[in-house]
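Subject: Structure handover

Hello,

Here is the structure I said I would pass on. My notes follow below it, grouped by element.

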Amino acid sequence: MSRIGKLPISIPAGVSVAMSNNVVTVKGPKGELSQYVDPSIKVNIADGEVVMEIDENSPVNYKQKQAFHGLYRSLVNNMVVGVSVGYKKELELVGVGYRVSNQGNIIEFTLGYTHPIFIQLPNVIKVETKSERNQNPQIILESCDKALLGLVCAKIRSFRKPEPYKGKGVLFKGEVIRRKSGKSASAK
């Protein structure tokens with residue numbers, strides 16, 4: 001049995017969890033999220049906790065049930081944390097001439113290409129950009145949906161991945177890039 005799947009999820013104050021037709025809906029101060037749960041997993045909501053159990057009578061094989069057990073527990077837990085506390089990711093642009101600005105949920109990047117790059121974010125994600133003198137430009141993204149936030153961060157990062165020779169690119173705040181020496185250092 002999944003060790004993660006066995007753990008109960010405590011529901012904080014101000015958050016409500018409901019289940020209908022194999023869809024778990026979580027509402028809280030930061031928003032509302034819903035997630036489909038496979039019928040081989042039973043969801044019990046009682047006493048301020050959500051507990052996931054494997055349905056022994058379902059036709060799905062046992063290995064798959066175990067995998068679903070941990071998966072859906074983690075997804076529901078991420079939803080509960082998201083609607084109560086929220087998630088936040090910070091990215092920084094390292095490179096000469098790299099700039100970022102936003103108008104509402106539309107972000108404009110200048111990353112050394114011949115054209116600016118525009119990306120429109122979903123309404124669930126709040127964005128803030130900072131450009132201070134002698135500092136790398138920063139993007140701060142906040143959302144209640146952890147998966148969507150990670151997807152958007154990966155998309156933004158794909159515009160200019162960090163490279164190991166000069167350390168330029170779009171990085172997560174505090175990320176350390178393993179640097180390589182160039183040709184001249186190794187040619188002897």
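Helix H2 covers residues 62-84, and at 1.5 Å a residue its 23 residues should span 33 Å; the end C-alpha atoms are 33 Å apart, so the two values agree. Please keep in mind throughout that this is a predicted model.

The buried residues of H2 are Lys65, Phe68, His69, Gly70, Tyr72, Arg73, Val76, Met79, Val80, Gly82 and Val83. After the helix comes glycine 86, which has a positive phi, near 95°.

H2 lies across S1, S5 and S6, and runs at about 165° to S6. Those strands form an open sheet of three, in the order S1-S6-S5, with antiparallel pairing. Its edge strands are S1 (9-10) and S5 (41-46), each of which pairs on one side only. Six bridges hold the antiparallel pair of S5 and S6 (residues 49-54). In this pair, isoleucine 45 stands opposite valine 50 of S6.

**The S2-S3 hairpin**

S2 and S3 are antiparallel and pair over five bridges. Serine 20 is opposite valine 23 in S3. Two residues lie between the strands of this hairpin, and asparagine 21 has a positive phi near 50°.

Asparagine 22 is also in the loop, between strand S2 (16-20) and strand S3 (23-28). Asparagine 22 and proline 116 are 94 residues apart in sequence, and their C-alpha atoms are 44 Å apart in space.

**The four-strand sheet**

A further open sheet has four strands in the order S11-S12-S7-S13, with antiparallel pairing. Strand S11 (126-130) and strand S13 (169-172) are at the edges with a single partner strand each, so one side of each has no neighbour in the sheet. From one strand to the next, the twist averages 20°.

Within this sheet, strand S7 (residues 87-94) and strand S12 (residues 138-143) run antiparallel and are joined by six bridges. Leucine 91 has isoleucine 139 of S12 as its bridge partner.

**The S8-S9 hairpin**

Strand S8 (residues 99-103) and S9 run antiparallel and are joined by five bridges. Valine 100 is opposite phenylalanine 109 in S9. This hairpin has two residues between its strands, and glycine 104 takes a positive phi near 70°.

**Nonpolar cores**

In soluble globular proteins, nonpolar side chains tend to be buried together. Which residues have the most contacts inside the largest nonpolar core? They are Ile107, Phe109, Ile139, Leu141 and Ile156, in a core of 21 residues. Two or more residues of this core come from each of S7, strand S9 (106-110), strand S10 (117-120), S12 and helix H3 (146-158). H3 gives the largest share, four residues.

A second, separate core has 20 residues, including Val37, Val50, Ile54 and Val76.

**Cysteines**

How many disulfides does the structure hold? The number is zero. Cysteine 144 is in no disulfide, and the nearest cysteine sulfur, that of cysteine 153, is 14 Å away. The cut-off for a disulfide is 2.5 Å between the sulfur atoms. Cysteine 153 is likewise in no disulfide.

With a relative accessibility of 6%, cysteine 144 counts as buried. Cysteine 153, at 1%, counts as buried too.

Regards

Definitions and conventions. Residues are numbered from 1 along each chain as its sequence is written. This is a predicted model: local features need pLDDT of at least 70, side-chain atom pairs count only at pLDDT 80 or more; totals for chains, interfaces and linings use all residues. Side-chain values use heavy atoms; hydrogens and water are left out. The expected span of a helix is 1.5 Å times one less than its number of residues. Buried means under 20% relative accessible area, exposed over 50%, partly exposed in between (1.4 Å probe, protein chains only). Two strands pair if DSSP finds at least two bridges between them. Axes are lines fitted to C-alpha atoms, for helices over the stretch in contact, and angles run from 0 to 180 degrees between N-to-C directions. A nonpolar core is a set of buried Ala, Val, Leu, Ile, Met, Phe, Trp, Tyr and Cys residues joined through side-chain atoms within 4.5 Å. Contact means heavy atoms within 4.5 Å.
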